[in-house]
Amino acid sequence: MNRRQPSRSIFNTVRFLPLVSLWLSCAFLPAAAAQSCGAQGVAVQVLGSGGPELQDKRAMSSYLVWENGQARVLIDAGGGSALRFGESGAQMSQLDVILFTHFHVDHSGDFAALIKSSWFEDRKRPLPIYGPPGNGFMPSTTEFASDFFGPKRGVYRYLSELFAPGEVGSYKMQPHVVVASSTPVNVLRTGALAISAVRVLHGAIPSLAWRIEAGGKVIVFSGDTNGEGAGLTRLAMNADLFVAHNAVPEGATGLERRLHMPPSVIGQIAGDAHVKHLVLSHRMLRTLGKEDQTQLEISKRYSGTVTFANDLDCFPLK
Ligand SMILES: [Zn+2]
C-alpha cells in the first residue's frame, strides 16, 4: 500500500497531452473557486445541506469553519460529505478538531473515508474528536472511533496506527466524550478558538449542539433536536451565525416532531437568542419546496436574515 501513487503512464504519452491539459483545466476550476471560502477572516462552509434521503441530491450533514484559509473545525461527517470536503479545498491535516452532534448515519457516515484520506497527508499533530456519550442505541464517541479503528475489533483495524497509542507510523486521533447539560459547558480552548456545547433532545439519541468562537465571531450548530428545553437558546445567544436543521415542516407530528424542530420552534429560538443570521440546513424531501411556508413561520418570531443552505455554500462572517 503506497502512500503516494506513481504517476500514471498516460501522462507520459504525448498524444494524450491535449486531452489531459483540457481535463486538468476543467478539473481544477471548481476546486479553485470553492477554496476561496474563508481565505480571509472566519467563514462557515456547508459541506452537506441534506438529510438521510439520497433523493434530495445533497450531501448529508457536515460543516466546516474556516479561518484565514485554514479549515479549522469540522462539524459532523454525514454520507456524501467527504466528497464535498475534497471539493471545498480543505485538507484533513488542517483541522484542529472534529465535533460530532450525534452518530446517526447522516451525521457520521463518511468519518472513515475522511480518516482514510488523511492517511495520505502529512499530519504531525493529534486529531481531537469530541462528541456525545453513548447509550443502548448509540456508541459513545470513544467507542465510535474504536469500533472503526481499534486494533482488535475495529472494522478498519488495518488502519489502527491512526488510533492505537502504541503503534508508530502516523498521527493519532484522540476521541473524547462530552457530558453536557442544558447549561453550556466549555469543551476546548486553543488560541483564539473556544468551543462549548449543550445537550439537546433528539429522541433517545445522545446529542449535542455546538458553539464555536473563532476570530471574534460566534457560530452555533443546532445539530438534530426537537428544540425542547432552554439549552439551545442559551448556547445560541447573540450568535453571528446559527445553523439550524430544517428537517420537518410546520405541523409535523409523531416521531418526526419528537426528533426535529418545526420552523416555528426554530424561529422562536433564533428570535430569543437574537442571532444575526439564521441558516437552514438538513433540508429533506418533506421540507424542500416548502421554503415560503417555512420562512413565513420563522418571520413571526425572528426578524433577522434567513438563508436556506445548499452544498458548498460559504458564509463569511464580517
Ligand atoms: Zn440528521
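Leu312 counts as partly exposed because its relative accessibility is 25%; on this scale buried means under 20% relative accessible area, exposed over 50%, and partly exposed in between, using a 1.4 Å probe and protein chains only. Leu312 is not a glycine, yet it has a positive phi of about 70 degrees. You'll find Leu312 in the loop between β13 and β14 (314-317), where strands (E, at least two residues) and helices (H or I, at least four) are DSSP runs numbered from the N terminus.

A quick note on what you're looking at: this is a predicted model, with local features needing pLDDT of at least 70 and side-chain atom pairs counting only at pLDDT 80 or more, while totals for chains, interfaces and linings use all residues. Residues are numbered from 1 along each chain as its sequence is written, and side-chain values use heavy atoms, with hydrogens and water left out.

His274 is another non-glycine residue with a positive phi, of about 55 degrees. His274 sits in the loop between α8 and β12, and its 54% relative accessibility is why it counts as exposed.

Those elements turn up again around helix α9 (residues 291-299), whose buried residues are Glu291, Thr294, Glu297 and Ile298. They cover an arc of only 130 degrees around the axis, so they lie on the same side of α9; the arc is that of the directions from the helix axis to the C-beta atoms. As background, an α-helix has 3.6 residues a turn, so residues three or four places apart point the same way. What covers the buried residues of α9 includes α8 (263-272), β12 (277-281) and β13 (305-308), with contact meaning heavy atoms within 4.5 Å.

A salt bridge here is a side-chain nitrogen of Lys or Arg within 4 Å of a carboxyl oxygen of Asp or Glu. Lys300 is exposed, with a relative accessible area of 54%, whereas Arg301 counts as partly exposed at 32%. Elsewhere, salt bridges that share partners join Glu67, Arg72, Asp96 and Arg125 into one network.

A search of the whole structure finds 12 salt bridges. One of them pairs the side chains of Asp96 and Arg125 (2.8 Å, N to O). Asp96 lies in the loop between α2 (81-88) and β4 (97-99) and Arg125 in the loop between α4 (111-118) and β5 (127-131), so the pair ties together parts 29 residues apart in sequence. Asp96 counts as buried at 14% relative accessibility, while Arg125, at 34%, counts as partly exposed.

Now for the metal. The zinc ion is coordinated by Asp106 (OD), His107 (NE2), Asp224 (OD) and His282 (NE2), at 2.1 to 2.2 Å. Along the chain, these donors follow the spacing D-H-x116-D-x57-H. Asp106, in helix α3 (residues 105-108), and Asp224, in the loop between β10 (217-221) and α6 (231-236), are 118 residues apart, and the pair links distant parts of the chain. Donors are N, O and S atoms within 2.8 Å of the metal (3.2 Å for Na, K and Ca); water is not among the atoms, so sites may look incomplete. Both Asp106 and Asp224 are buried.
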